[in-house]
Amino acid sequence: MDSIDWNIVERLQEGIPIAERPFQRISKELKIPEDEILKRLKKLKREGLIRRFGAVINYKKLGYTGTLVATKVPEDKIEEIAEKINKYKGVTHNYQRNFEYNLWFTLIEKSQRDLEKRLKQIEQEIKPEKMISLPVTRKFKIGHIQKWIT
Amino acid sequence: MDNLDLRILKELNNLKIEESPFKSIAEKLDLAEEELLSRIDNLIKEGIIRRISISIDHRKAGMKANAMCICQVPEDRVESVGKYISSFPEVTHCYTREGFKYNFFFMIHSNTKEQYLFLVKKISEKLNMEIKPLLSKKEFKKTSFTL
């Protein structure tokens, strides 16, 4: 990605105008021709740099509830356990991290009851050494990733 | 929010990169484009849609270092610590959580390990607090919430 790509990508991560020609408006803001913006975006999408172009939904407003789960699993089984966890539709992120709790995933379900049922279900399936649910109590920032500045 | 809004939300999961991305969806749903735009505006006003945007694969974009930083912040410092840490553009998320001795979580995405370690050291020294950066060793799944 070159610096023009980054300009476009950073602007688009903030959200597009809800209009008939959203990229035309962005073109005026960035002073980059509209067809160039579209061309670059299509290329980035083809190359997999853009994962998705769509609505970011606040699941809480739809009544869904979520949590972050930290688990401790044997290192040599981590790949197969991660695959089992990934099968659940409510799991959006799943990462191996270097800590006592080495497998972390986010889980979103339709209600607190469903969430608790699902946590039990996952625990029974993967049988971790340890597993804790860490729901958010206070949000300070939900942002998006920018080019490293400093 | 009604059934039509639900159908709109489903269609908005994946937009085409084209001059008029909303027109295609309006046609699919047999709606006038104006009505679709107005409904989307409403869903944004209600806070159900945060925005319509792109998500990038930050690893492919070169930001291979992703550290979830955790620390123990006493209750009376949470507010000021939260504001200070959130002020860094390199910090993408910042939350408090319950269920663990570490109550404060924030994410840094950088190109290299050295970059985020430098930032963590800076924050740690300024706040006089221990911060544990938990580097992501492997990404097994990363998707957006969709209906």
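Predicted model: local features only at pLDDT ≥ 70, side-chain atom pairs only at ≥ 80, totals over all residues.

Residues are numbered from 1 along each chain as its sequence is written, chains are lettered from A and ligands numbered from 1 in the order in which they are written, and side-chain values use heavy atoms, leaving out hydrogens and water.

Strand S2 (residues 65-72) of chain A and strand S4 (residues 103-109) of chain A pair in the antiparallel sense over seven bridges. Strands here are DSSP runs of E, at least two residues long, and helices are runs of H or I, at least four, numbered from the N terminus; two strands pair if DSSP finds at least two bridges between them.

Next, select helix H5 (residues 112-126) of chain A. This helix packs on the sheet and touches S2, S4 and S5 of chain A, with its direction at about 145° to that of S4(A). (Contact means heavy atoms within 4.5 Å; axes are lines fitted to C-alpha atoms, for helices over the stretch in contact, and angles run from 0 to 180 degrees between N-to-C directions.)

Zoom out to the sheet. In what order do its nine strands run? Follow S5(A)-S2(A)-S4(A)-S3(A)-S5(B)-S2(B)-S4(B)-S3(B)-S6(A), an open sheet with antiparallel pairing. At the edges sit strand S5 (130-134) and strand S6 (136-142) of chain A, each pairing on one side only. From one strand to the next, the twist averages 25°.

Colour by chain for the next stop. Here 76 residues of chain A are in contact with 84 residues of chain B. Together the chains bury about 7,700 Å², 60% of it on carbon and sulfur atoms; buried area is the accessible area (1.4 Å probe) that two parts lose on being put together, summed over both. Between chain A and chain B, the count is four salt bridges (a side-chain nitrogen of Lys or Arg within 4 Å of a carboxyl oxygen of Asp or Glu). Pick out B:Lys138 and A:Glu79: they form a salt bridge with the closest N and O atoms 2.7 Å apart.

Last stop: B:Cys71. Its sulfur is 7.8 Å from the closest cysteine sulfur, in B:Cys69, so that is too far for a bond.

Definitions and conventions
Disulfide = S-S within 2.5 Å.
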